[in-house]
Amino acid sequence: MCHVITLRQPWASLIALGFKHLEFQTRFCHYKGPVVIHAGSNWYAPALRTIISEHFRKYARHSEEAVQALFPLSLPVADAVVEDCQPWTEDTFALSLTQVRIMTQPKPAFPGMLSVPWKTSQTKE
């Protein structure tokens, strides 16, 4: 069974693209090992999508398609390894993510599933 971390956009894609290496949680994570980074069904804040869309309008010919390709919703976007979980503040913990590999051809989404039915290069048989 593969462990999955579901994150709202843009955080999921920022991890997949290598711009974000820490994920902050309110609970301590005892698990260390391979995970799939899954983009949730909506954005952390609609204003963030607006900012990114405006940026892409300046530089991309097909801006909406570019945003949807780089910041997909309800799809796995990367696999990574949880190396460590350390206290960050009094009530926040930081997951350290390494060996991140973007999924250029995302696996199909299965709404409501608690585990992922496929193997990655880092999952055990």
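**Exercise 1.** Is Thr89 buried, exposed or partly exposed?

*Solution.* Before we start, note that this is a predicted model, where local features need pLDDT of at least 70, side-chain atom pairs count only at pLDDT 80 or more, and totals for chains, interfaces and linings use all residues. Residues are numbered from 1 along each chain as its sequence is written, and side-chain values use heavy atoms, without hydrogens and water.

Step 1: take its relative accessibility, 39%, so Thr89 counts as partly exposed (buried is under 20%, exposed over 50%, partly exposed in between, with a 1.4 Å probe and protein chains only).

**Exercise 2.** Classify the ring pair of Trp43 and Phe71.

*Solution.* Step 1: recall that a pair of aromatic rings is described by the distance of the centres and the angle of the planes.
Step 1: apply the rule (centres within 6.5 Å, using the six-membered ring of Trp; planes under 30 degrees apart are stacked, over 60 edge-to-face, the rest tilted), which gives four aromatic pairs.
Step 2: for Trp43 and Phe71 the centres are 5.5 Å apart and the planes at 40 degrees, so this pair is tilted.
Step 3: check burial: Trp43 is buried at 9%, and Phe71 is buried at 8%.
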